[in-house]
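Here are my notes on the model, as numbered points. Please read them with the coordinates open.

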Amino acid sequence: MITNSSTVVNRSVARKQKQRIPWLPYILIAPAIILIVVFLFYPVGNVFYYSLQKFNPAKAYENGFVGLDNFKAIFTSDRLFFSTLWVSAKWVFVEVVLQLACGLGIALMLNQTFKFRGIFRSAAILPWAISGVVTSTLWQILFNEQIGPINDLFMKLGLIDHKIAWLSEVHTAFPSIVTAELWRGIPFFTIALLAGLQTIPGDLYESAVVDGAGRWKSFIHITLPFLKTTIILTTLLRAVWEFNNVDLIFVMTNGTGGPIDLTTTLPMYIVKQAVVAQDFGYGSALTVIGFIILLLFAVFYLKISGYGKEE
């Protein structure tokens with residue numbers, strides 16, 4: 001009887017221990033979850049909500065639920081929307097490709113052993129440490145038609161015979177803002193790729209030299225395979241960031257996205273609709289479309305790049 005009763009007691013104690021919930025871990029992560037909900041999920045949900053609304057503080061009498069009318073207007077009557085998609089695609093592609101190529105080249109040079117290497121590495125990171133508004137203002141002054149040093153330098157070198165309004169002319173506006181963003185974005189790839197290069201064992205290159213492989217073959221068969229994961233992640237992150245880039249284009253074009261909307265990307269168009277024109281419903285609908293585009297792009301890019309699959 002004593003044995004049976006003790007067994008029953010032990011079973012009941014074990015059952016209570018199994019049912020006891022360890023609340024401490026949940027309490028510790030609660031602040032982070034609350035912050036994510038307040039500053040991420042709630043704003044995102046708000047955007048989806050207002051995308052189905054007609055909401056303009058200046059025309060309160062027209063506000064209300066309109067369903068999918070905002071989306072219908074975007075795809076049927078808004079000609080500028082498709083233009084902004086093309087500008088966004090061109091902007092992202094050019095920036096990511098050029099930044100990757102330049103960043104990889106600089107990373108390969110900085111990975112070599114030479115005197116004052118630490119100083120050059122620090123200098124390569126400096127553009128990344130400067131805020132976007134400061135960078136935009138700096139390059140806006142450099143490209144200024146009257147006082148900009150770029151015009152003065154090119155005229156002294158004989159490359160041009162008259163001063164050019166780089167940010168106002170049709171053929172130079174887009175390349176000018178591409179140059180400014182390129183200067184700011186290269187350090188991101190340089191830092192990430194340099195870190196990846198330092199993880200490659202030196203023995204592999206020594207073995208390649210013994211086997212008669214030159215620098216180009218070593219780069220193709222050793223360096224690039226080891227940097228594959230880093231390149232995929234950095235290009236994906238940079239593509240998303242460049243797609244959402246507003247500050248540099250806004251400042252350098254004085255908030256117009258000109259000339260004649262040739263530098264108006266989709267996020268820039270969203271700013272003009274939601275912030276400038278105060279049409280928050282239409283701007284929210286544009287934001288939802290941008291969110292879907294980025295989501296599909298990320299999934300498709302990771303799929304075709306084979307990220308996470310070992311060869």
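1. Is phenylalanine 189 buried or exposed? Phenylalanine 189 is buried, at 0% relative accessible area. The cut-offs are under 20% for buried, over 50% for exposed, and partly exposed in between, with a 1.4 Å probe and protein chains only. Phenylalanine 188 is buried too, at 13%.

2. Ground rules. This is a predicted model, where local features need pLDDT of at least 70, side-chain atom pairs count only at pLDDT 80 or more, and totals for chains, interfaces and linings use all residues. Residues are numbered from 1 along each chain as its sequence is written, and side-chain values use heavy atoms, leaving out hydrogens and water.

3. Aromatic pairs. The whole structure holds 20 of them. Phenylalanine 188 and phenylalanine 189 form one, edge-to-face, with 5.5 Å between centres and 75° between planes. Rings of Phe, Tyr and Trp (its six-membered ring) pair if their centres lie within 6.5 Å; planes under 30 degrees apart are stacked, over 60 edge-to-face, the rest tilted. Ring pairs also join Trp139, Phe143, Phe154, Trp166 and Trp183 into a cluster.

4. A charge over a ring. Lysine 90 lies over the face of phenylalanine 174, 4.5 Å from the ring centre. The criterion is NZ of Lys or CZ of Arg within 6 Å of the ring centre and within 35 degrees of the ring normal.

5. Helix 8. This helix covers residues 173-197, 25 residues in total. Its first and last C-alpha atoms are 36 Å apart, close to the 36 Å expected at 1.5 Å a residue; the expected span is 1.5 Å times one less than the number of residues. Helices are DSSP runs (H or I, at least four residues), as are strands (E, at least two), numbered from the N terminus. Because 19 of its 25 residues are buried, helix 8 is largely enclosed by the rest of the structure.

6. The kink. Helix 8 bends by about 35° at tryptophan 183, shortly before proline 187. The bend is the angle between axes fitted to the seven residues ending at a residue and the seven starting there. Trp183 is also a member of the ring cluster.

7. Salt bridges. The count is seven, taking a side-chain nitrogen of Lys or Arg within 4 Å of a carboxyl oxygen of Asp or Glu. Aspartate 247 and arginine 184 form one at 3.4 Å, N to O. Aspartate 247 is in helix 11 (residues 247-252) and arginine 184 in helix 8, so the pair ties together parts 63 residues apart in sequence. Arginine 184 is buried at 11%; aspartate 247 is partly exposed at 30%.

8. Lysine 272 meets aspartate 261 at 3.0 Å between the closest N and O atoms. Lysine 272 sits in helix 12 (residues 266-276) and aspartate 261 in the loop between helix 11 and helix 12, so parts 11 residues apart in sequence are tied together. Lysine 156 pairs with aspartate 152 at 3.4 Å. These two are four residues apart in helix 7 (residues 149-157), about one helical turn. Lysine 156 is exposed at 69%, and aspartate 152 partly exposed at 41%.

9. Annotation. The unreviewed UniProt entry marks residues 21-42, 91-111, 123-142 and 280-302 as "transmembrane region". UniProt positions follow the numbering used here, feature names are shortened, and annotations may be inferred rather than shown by experiment. In the model, residues 280-302 are 100% helix, with end C-alpha atoms 33 Å apart. Residues 123-142 are 90% helix, and the end C-alpha atoms are 20 Å apart.
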